[in-house]
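Please look over the sequence and the model first, then read the notes below.

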Amino acid sequence: MTDTRVPPPEPAVTEVPPTAGTVGPRGATARWLRRPRSRRELADRLFAVQSLFALLVVFVVAIAASPRRDGEILFLTAGNLGNIVRAVSEIGIIAIGMTFVILLGGIDLSVGAILGLSAVGTATLMVDSGLGILPAVAAVLAIGALFGALQGYAVARLGIQSFIVTLAGLQVARGIARIWSGGLGIPIAYGDGPQEAPPAFELLNGSINGVLPVPAVLFVLIGVAAVVVLRTTAFARHVYAIGGNEKAARLSGVPVTRVKVAVFAVAGILAAVAGVVHAGQLNQGSPNDGAGYELDAIAAVVIGGTSLAGGSGSMGGTLAGALLLGILNNILALNNIDANVQLLIKGLVIVLAAALQKLRRGIA
């Protein structure tokens, strides 16, 4: 006897390309290789390099506005350029992690506090506990990863907005740092005796051949690795997909919870790395270190062209944005511009970057 029953329909699954609704890395590369098909596509390409163009403009303006000594342009001296990259290294490392979070459609306000906690941890573990460099750094990175992962879990599983979760995380990290340090900065002295850190840690405050600061080299290496990850890995495509349309990404099989936890953990690790660098550069760990760094990191990401709505942006833009802020700070300081005016100018630059993002969405 023939079975005439009609089988139940298969559940509808929307197949979403990894870059749907986004400007994913592979899609962007492919588009650059052919002629633009519309004004919108041409505008997308121009906005994609806005940060590099802005960096070039600021660089040229800095040369023109630089003070001179005996005919030498102070801005272009090797020592000054090295200092710029050294100065942006900590913010740049944090901004790399922040880029992943913002691409995901979130925000992380706790990274500055994690930097302070990590600086305190580095100083305490090496000076007070007598740990070597590797165990102390490994412990600090683990703390950063755990802190970030817990925040990612709260965002992904509890459905709390990342703004709220990381704002609470900021307070918790700062509180732990103050309890751990007794509310005081912990100086780092170098030597082989008790209460002294291994002399090798002082290399973080040094330079290669007297020109390239070690923190700057570390920043560049992490930046290059992040660019490769963002352009070539399935993890990055999942981040773009979630930021572009989380519901569609979930229906297409993207492990949303796992990716979110991983992204916030990466941001926590990089904030901890910045904390270790900070302790090495200042020879101390203070619970107040890193205050306001999260805002500078977000500014670097926004100036770099990454959309605060998620799903669109690039790591190269963030690196350019961090350098742009560093050059801007440097040239204002070289000209002895009042610190309050410096804040005003940086604020205007950030507003301009946000306005360009709005213009881009209007064209799209």
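With which residue does Glu246 form a salt bridge, the closest N and O atoms being 3.1 Å apart? The partner is Lys260. A salt bridge here is a side-chain nitrogen of Lys or Arg within 4 Å of a carboxyl oxygen of Asp or Glu.

This is a predicted model, in which local features need pLDDT of at least 70 and side-chain atom pairs count only at pLDDT 80 or more, while totals for chains, interfaces and linings use all residues. Residues are numbered from 1 along each chain as its sequence is written, and side-chain values use heavy atoms, with hydrogens and water left out.

**Salt bridges**

- The count of salt bridges comes to two.
- Helices are DSSP runs of H or I with at least four residues, numbered from the N terminus.
- Glu246 also meets Arg250 in a salt bridge between side chains, at 3.1 Å from N to O.
- Arg250 and Glu246 are four residues apart in helix 10 (residues 246-251), which means that about one helical turn separates them.
- Lys260 is buried, at 10% relative accessible area. Buried means under 20% relative accessible area, exposed over 50%, and partly exposed in between, using a 1.4 Å probe and protein chains only.
- Glu246 is partly exposed at 29%, and Arg250 is partly exposed at 44%.
- Glu246 forms the bridge to Lys260. Through shared partners, the salt bridges join Glu246, Arg250 and Lys260 into one network.

**Nonpolar core**

- The largest nonpolar core has 86 residues, and Ile96 and Ile188 touch the most other members. Such a core is a set of buried Ala, Val, Leu, Ile, Met, Phe, Trp, Tyr and Cys residues joined through side-chain atoms within 4.5 Å.
- Helix 11 gives the most to this core, with 13 residues.
- Leaving out residues up to four places away in sequence, Ile96 touches Phe219, Ile222, Gly223, Ala226, Leu270, Met315, Thr318 and Leu319. Contact means heavy atoms within 4.5 Å.

**Ser181**

- Ser181 lies in helix 7 (residues 162-181) and is buried, with a relative accessible area of 12%.
- The side chain of Ser181 reaches two backbone atoms: the oxygen of Ala177 at 2.9 Å and the nitrogen of Gly183 at 3.3 Å.
- Ser181 touches Val120, Ile186 and Pro287, again not counting residues up to four places away in sequence.

**Nonpolar surface patch**

- Leu158, Ile160, Phe163, Ile164 and Leu167 make a nonpolar surface patch of about 440 Å². Patches are made of residues with over 30% relative accessible area and no salt bridge, where like charges are joined within 9 Å and nonpolar side chains (Val, Leu, Ile, Met, Phe, Trp, Tyr) within 5 Å. Accessible areas come from the Shrake-Rupley method with a 1.4 Å probe, and for residues only the protein chains shown count as cover.
- Helix 7 gives the most to the nonpolar patch, with three residues.
- Leu158 is found in helix 6 (residues 133-158) and is exposed, at 57% relative accessibility.

**Phe53**

- Phe53 lies in helix 3 (residues 50-65) and is exposed, with a relative accessible area of 56%.
- Phe53 and Ala320 are 267 residues apart in sequence, while their C-alpha atoms are 9.3 Å apart in space.

Note on methods. Helices (H or I, at least four residues) and strands (E, at least two) are DSSP runs, numbered from the N terminus. A polar contact is a pair of N or O atoms within 3.5 Å; within protein, one must be able to donate a hydrogen and the other to accept it, and residues adjacent in sequence count only if both atoms are side-chain atoms.
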